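Have the coordinates open as you go.

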Amino acid sequence: MSDAPDEPDDLESILAPRSVADSPALRESIRVQTERVIRRRRAVQRLTRLGALAALLMIGIGLGRELRPEPHHEFPPDLVYRPQVVVVPVVVPVPVSEPSPSPSIEKNESASAPQAEMLAEQAEDRSESARLYRVAGDGYLLAQDYRNAARCYRLFLARAGEPALQPEAQDNWLLTSLKNAAFQEKFNVGKTDG
Amino acid sequence: MDSADVWRERGIRDAVLAGDTAAWQAWYDEHFCRLTAYIRWRCGGLTDIADDVLQETWLIAIRRLRSFDPARGSFAVWLSGIAANVIRNALRSRKRRQRNTLPLESAAEPAVPLPAADEDQAERVAEALAALNPLYEAVLRAKYLERMTVETIAAAWGESAKTIESRLTRARQAFRERYEAIHE
């Protein structure tokens, strides 16, 4: 080939590399600068990863809040209407079931319910017996002995007859209900017979 | 470059990109002398711009390391490409500065001393090399900087010695024309 060593080459003197002493300081300086770039890049990568993780966490928290069913909406206390309950004592007239003494009781007013019942059983006069049974019923009712009171009121209605079934203003609740029951019974019996 | 070298350089690149300074230091030491020699040769001996170019080349390389693909060429070739661009830019800046700067001495002053003549020649060499076709520049580099014979270049490049010889002749001619055209 024509690349023989003895071939004259006018470019050799121009293009041959010149021996220049290496500069360790330059080499070290460039190495430090490039390593700084690498460290900065590594720091940025870590920050980016941390940022991505934080963003994912925030998205997760946000989604969790969005998807969680809310039991009720919370409003500021000043926007919520709260009805104020004011307790006002109201006097309500309650009908007292205290039996009003019938005019015919006055005679045995001081007698107790069992005594009145006893007198009613022994009375020969039917109307007197009825009156005493009513007094006994009233006495039992006052003592809250409803069973005996009902029994005495039934005997009173049996002795007094049909006129006693008419409701009266002074009748107490038990006597009224017994009168109604007796009236219904009588009505139903009449209906069946007819 | 065989596949083992490709894998090796890819591994080093990935390690450096992950922040491994030890891998970078080894790679840097492996290529520093060769790149320095190339830059100084390309600068024709203009040591002031050669040092700047060397520093700029390494900084560009580390910043753009992600774009380095070992499958397309070795790290040394990639570094040389960066250096060639930096040298061209540096020479352009140098010429611009010289145009915009007025000489302090009058034209009647004595002729420039010898170091200035050397600098002038270095500048012409650098500009002529920068203006060359990359193929011509590569063959001149192999011949004059790396001191390879035509046969060695042909074997390394996978071409015939005749082709390399022909290319070397054309490269010399092109260089000579540009070298003589500068400052005439």
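1. Let's begin with the interface, bearing in mind that this is a predicted model. On the chain A side, 22 residues are in contact with 30 residues of chain B. Helix H1 (12-15) and helix H2 (24-67) of chain A each bring at least two residues to the side that touches chain B. H2(A) gives the most, with 12 residues. Sorted by class, this side of chain A holds 11 nonpolar, four polar and seven charged residues.

2. Of its 184 residues, 32% are buried. Among contacts in chain B with a separation of 6 or more, 71% join residues 24 or more positions apart.

3. Next, the packing. The largest nonpolar core has 47 residues, and those with the most contacts inside it are B:Ile39, B:Cys43, B:Val53, B:Ala83, B:Ile87 and B:Ala126. Its contributors, each with at least two residues, include H2 of chain A as well as helix H2 (21-42), helix H3 (47-63) and helix H4 (75-100) of chain B. H4(B) provides the largest share, eight residues. Domain 1 (3-115) and domain 2 (132-184) of chain B both give residues to this core, so the core lies between them. As a general point, nonpolar side chains tend to be buried together in soluble globular proteins.

4. Which residues does B:Ile39 touch, leaving aside those up to four places away in sequence? They are B:Ala50, B:Val53, B:Leu54, B:Thr57, B:Ala83 and B:Ile87.

5. Two backbone angles deserve a glance. A:Gln144 is not a glycine, yet has a positive phi of about 60°. A:Gln144 sits in the loop between helix H4 (126-142) and helix H5 (146-160) of chain A. Is A:Gln144 buried or exposed? With 8 other C-beta atoms within 10 Å, A:Gln144 is exposed, because a residue with 12 or fewer counts as such.

6. The other angle belongs to B:Arg147, also a residue other than glycine, with a positive phi near 55°. B:Arg147 is found in the loop between H6 and H7 of chain B. B:Arg147 has 10 C-beta neighbours inside 10 Å and therefore counts as exposed.

Key
Residues numbered from 1 in each chain as written. Chains lettered and ligands numbered in written order. Predicted model: local features only at pLDDT ≥ 70, side-chain atom pairs only at ≥ 80, totals over all residues. Contact = placed C-beta atoms within 7 Å. Helix = DSSP H or I, 4+ residues; strand = E, 2+ residues; numbered from the N terminus. Nonpolar A, V, L, I, M, F, W, Y, C, P; charged D, E, K, R; others polar. Core = buried A, V, L, I, M, F, W, Y, C linked by C-beta atoms within 7 Å. Buried ≥ 20, exposed ≤ 12 C-beta atoms within 10 Å, placed from the backbone. Domains from an automatic or database assignment.
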